[in-house]
Amino acid sequence: MRVNFTVNGRPQEADDVWEGESLLYVLRERLGLPGSKNACEQGECGSCTVRLDGVPVCSCLVAAGQAEGRDVVTVEGLADHARQRSRGGSEGVPLDAAKGWAAKGGTDSQAGEGIELAPIQQAFIDAGAVQCGFCTPGLLVASDELLEHNPNPSDADIREALSGNLCRCTGYEKIMDAVRLAAARQSEGV
Amino acid sequence: MPANGVPTKITQGSGTKGGIGESTLRPDGTLKVTGEFAYSSDMWHEDMLWGQILRSTVAHAEIVSIDTAEALALPGVYAVMTYDDLPTEVKHYGLEIQDTPVLAHGKVRHHGEPVAIVAADHPETARRAAAKIKVEYRELPVITDEKSALGPDAVLVHEHRDDHHIGHVDHPNIVHRQPIVRGDAAAAAARADVIVKGEYTFGMQDQAFLGPESGLAVPEEDGGVHLYIATQWLHSDLRQIAPVLGLPERKVRMTLSGVGGAFGGREDLSMQIHACLLALRTGKPVKIVYNRFESFFGHVHRHPAKLYYEHGATRDGKLTHVRCRIVLDGGAYASASPAVVGNASSLSIGPYVVDDVDIEAIALYTNNPPCGAMRGFGAVQACFAYEAQMDKLAKELGLDPVEFRQRNAMEQGTIMPTGQPVDSPAPVAELLRRVKAMPLPPERQWESSEGADVRQLPGGLSNTTHGEGVVRGIGYAVGIKNVGFSEGFDDYSTARVRMEVIAGEPVATVHTAMAEVGQGGVTVHAQIARSELGVAQVTIHPADTQVGSAGSTSASRQTYVTGGAVKNACELVRERVLDIGRRKFGSYHPAWATAELLLEGGKVVTDGGEVLADLVDVLEDEAVELEEEWRHRPTEAFDLRTGQGNGHVQYSFAAHRAVVEVDTELGLVKVIELACAQDVGKALNPLSVVGQIQGGTTQGLGVAVMEEIIVDPKTAKVRNPSFTDYLIPTILDTPTIPVDVLELADEHAPYGLRGIGEAPTLSSTPAVLAAIRNATGLELNRTPVRPEHLTGTA
C-alpha cells in the first residue's frame, strides 16, 4: 500500500508498504529517518517516541497505515519544531534567544559545530544526559512535549512524564538535570 | 617504549583548555541528540537483504532432521543455511574455549540456540521463511543446577571436552574451578567468638543494553567482507569470525558502528558470523537486527549463583576467617565463565583483612542460557553475599554495621587472599565514612502541602498507600573490583596519533580500535591528546581494524589501558615534534637544548613559560604520526591448587548507602536515595565519572528489586524474554543518587587514574538489600527481592 503523511513539516510518500509495517519501520527503513530508535519494538522502552498530531506515541505500536494524512515529528525535526514553536510566540523562547543554544565549545570533529539545536537537545548535551544515546531521541521528544505544556515541572512531574522511556546507562540523574536545565533556561529566556 | 605507569609531569598540558580534569562535552553528543548518530541497527545499503536466525524451541535435544525446502521456496528468500552449509572445518567459536557452534550440529544445548539462518528481501519475509523451516527434536533430560549437573548419572552437556580446564575439574560439567587457600581457616575458626553462616541466591541478570544486536555485512570485490558492527572488542570478534568464513583476517574488515550500550553483553559474538555467512553466500549486503525478544536469547547473561559463606569474628569485632563456596551457573557454553570464576574466588571476601581463608568457586555447564560477562564480572555475586554476612556478624556482635566494616577494612598494604599485596590507595574505611556522613533524605518525604504524593511512595501511581504500613530502612555496603584483564592475560592496547597543521592550526588525530559503547572513551581520548600535545583541535578517527587492537571495552579498563596507549603515543609524538623544533630553531635560543619543553596552547614553551615557537611553524607541512602498543604491569595466573598469585592489575572501591521505604503489607519497595562514595584515582572527566557511577548504581538497584531472567527449572526455557516481563528500573523506580568522588592517585596508572565503571554496580545491590532488611527485619537471602519475599507468601 501507499502511505502519505507529513514528517517534520514535509509531505512524505511511502510506497510498497506491507500492511504489518509499523510507523517506526517506515520512518527508519523507507524514509531514511533512523533517529527514532528500535530498542524493544513492543512499546515498553519509549526509544521510538514521536509526536503524532502533537501527541507523543511509541511509533513501533502505530501501524504505518494509521499515520495516513497525519502529522509526525521525529527527533530529526525537533529543532525545527522548537523553532516554530518559539516563532509562534506562545510560551516558548524568541528566535534570537534560541540561537544562543547552538552547539558551543565544539572543538572536536564530531561536535557538530554550528548545528542549531532545540533547547532540550542542548540541555541533554550540557548536562551529560547522553551516554550511549540510544534512549536519547525518545527522551528528547517526550521531554520537549512535557516542557511545552508544563514549563516549570516539579521533579515528580518530570519522572512521571518520562516514566515510559527506559535508559540503561545514566541512572536518570543527568536526564533529570537536563530537563531542569532546559526548563530553567526557558523561564529565564536565555 | 617508556616504562609503564610513569607518573605524568603535571606541568605538561595544565595550560591547555579542554584537557584532562575538565568536564568537556562528548564529541558525539550533537549527532546523538539530532538522531544522526549511526548505530549498528541504522545501517542501510542499496540492495541489501535481511537476515533472520531460527532458534531452538527446546533447551536440550538431539536434532533428528532439518527441512529447509519450504523456506527456500518462499518468494523473496535468497538463502537458507544450516550447519551443513558452513564453508570450513572451523564450525565453533568462543572467547576462551571454542565450544559454541556457529549453527547447531546434531544437538541443541539451550533454549534459543541458533539452528538455521535465512536471508530475504524484507525482514518479515525472512521471519516467515525461518518459521517454515521444520526441525525435528528428540528431547533430552535437562541439566539445570548443581545437583543435576554433578550427579553420578548426569548427562554431559559437552561430551568431548579437550579444553585446558578439563584436567583440573572434578566433573566434565564443571567449566573451571578455582580454590584459594591461605592461612589456616580451621584453626582460625577455633579462635572465633561468633560464627555466622549463610546460603545466598543471586538471580540471572540481563545487560539489557538498549541498542539491539545488529550489523551490516557487505561482500567485497576481493572475496572478503566488510562488517559494520556494534561490539566491545573488534579484534576479538575478528579472531573468531575469520576462521569460520575461511578468510584471512585482512579480508574481514571491521568498522565499529554506533553501539547502544553493552555492559558485557557484547563481549561474545551474536549475529556477526551469521551476517557474514549470508552476505558471502548471496553476494549481497545483509543486515541483521534482533528484536528485544531475540536479544534476550542473543547474548549471555550475568551468572546466577548459589553462595555458601561462613564468617567468624572475635568479640572485639575482628574477622577471624572466611570459608566460602561459590557455584556459578555458566549455562550451555563457556563464554567468559573461567575468568568469572577467577574474579569470584579472588574477590570473594571483599575489601577486608582476613588472613585465614578457604575459598572455592566453580562454574557449571548446564542447559540454562549461557552466562558470561556483565558489569562487575563475578565480583557482583560475591559482594551481595559477603556484605549480607558482614551485617549478620555486626548484629551478632552488637556493633554498628559501618563501624564493624571499618574495623576490618583493607588499606594500602593489605594482602589479598591470593597473596597479592594491595599496592595503591584502598580507602575503604574512608568511603564508608563519607557515604555515612551525607545528609539523609527527610522522613515522610512523600508529604506535600496537597497531601501524599503517591509518586514518592511504594506502589507509585498505582496509588496503593498514602503512607500507611510504610517503614523506612537504611543499609550500607562496600565492594572491591579488579580493573583490567587479569591472571596473566596480555592486556594491551594500541594507539595511532598523528599531528599536523590543517587550515593554519595544529590538529591531533587519535585512531584506536576502542569500542565506544557510551562510556565516553572518545571524550577522554580527546582530552588526553589536548593535554599531551597542547592543541585545541582533536579528531577522533572511527574505530576499526585498520589499527592494532585496543582490547575490550570491559573490566573498567579502557580509560586506563587505551587511555594509557593514547597518552604514550602522544608523548612519543611530542618528542618527535620537539626534535623537529630543535632542528629548525635550536640555534636561535639556548632553551631548546637546556630547558624542559612543553606543548601548550599550540606553542612550544619552556617550563618557565617562555614561548619558543608556534607549533604551526615547527610542523609546517610535515606530519608526525606513529602507532604504538602499550601495556600495564603484567599479572600472573592463580595457582590452580592454592589460588596464590599476583593476578590483578588494580583494584577499585565504592561504597553505598541505601534509604528505602517498604510497604510491608503489600511487599512493595521504593528506594528513596542511593548515595555513593567512590575513589576514582583521578577524574579525567568529572561529569562522565559521575554519570558512570550513577548508571552502575542503577543497574545494581535493578537486580536488588526487580531484574531477573526466570528459567523454568523443569524445561530450562526462558519465561520472560521481553521488557514487559523482564523489568529494568524506570525513572520512577530510580532515586536521587548523590555521589562523593575521592581522588587518591594510583602511582602505577596513567595520571593516577582508577578504572571506575564497575565498582558502583557491586555495592549498590547489597546496600539496598541491607536497607530492606533494616526496614522489615527479614533475613532475605536472595536477590532480587520480590513482593512475595516480603509478605511471606513466596
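A: Two strands pair if DSSP finds at least two bridges between them. The strands themselves (E, at least two residues) and the helices (H or I, at least four) are DSSP runs, numbered from the N terminus. This is a predicted model: local features need pLDDT of at least 70, side-chain atom pairs count only at pLDDT 80 or more, and totals for chains, interfaces and linings use all residues. Residues are numbered from 1 along each chain as its sequence is written, while chains are lettered from A and ligands numbered from 1 in the order in which they are written.

Start with strand 23 (residues 492–502) and strand 24 (residues 505–511) of chain B. They pair in the antiparallel sense, over 7 bridges. B:Val501 stands opposite B:Pro506 of strand 24 of chain B.

Now the whole sheet. In chain B, 4 strands form an open sheet with mixed pairing, in the order 25-24-23-29. Strand 25 (537–540) and strand 29 (624–631) of chain B are at the edges. Each has a single partner strand, so one side of each is left without a neighbour in the sheet. On average, neighbouring strands of this sheet are turned by 20 degrees against each other, direction ignored. Here axes are lines fitted to C-alpha atoms, for helices over the stretch in contact, and angles run from 0 to 180 degrees between N-to-C directions.

Helices pack on this sheet. Helix 13 (residues 521–533) of chain B touches strand 23, strand 24 and strand 25 of chain B. Its direction makes about 140 degrees with that of strand 25 of chain B. Helix 14 (residues 558–585) of chain B lies across strand 23, strand 24 and strand 29 of chain B. Helix 14 of chain B runs at about 40 degrees to strand 23 of chain B. Contact means C-beta atoms, placed from the backbone, within 7 Å.

Next, a helix pair in chain B. Helix 17 (residues 686–705) and helix 18 (residues 759–776) of chain B pack at about 40 degrees, their axes 7 Å apart. That makes the two helices of chain B oblique (under 35 degrees is roughly parallel, over 145 roughly antiparallel, 65 to 115 roughly perpendicular, the rest oblique). Ala, Val, Leu, Ile, Met, Phe, Trp, Tyr, Cys and Pro count as nonpolar, Asp, Glu, Lys and Arg as charged, and the others, Gly among them, as polar.

Helix 4 and helix 7 of chain A pack at about 130 degrees, with axes 8 Å apart. They are therefore oblique to each other. The crossing is right-handed. A:Ile120, A:Phe124 and A:Asp126 of helix 4 of chain A take part, among others. Helix 7 of chain A brings residues including A:Lys174, A:Leu181 and A:Arg185. By class, the contact has 8 nonpolar, 1 polar and 4 charged residues.

Last, the chain interface. 54 residues of chain A are in contact with 60 residues of chain B. Helix 4 (119–127) of chain A gives the most to the chain A side, with 4 residues.

Key. Two residues are in contact if their C-beta atoms, placed from the backbone, lie within 7 Å. A crossing is left-handed if the near helix is turned anticlockwise from the far one by less than a right angle, and right-handed if clockwise.
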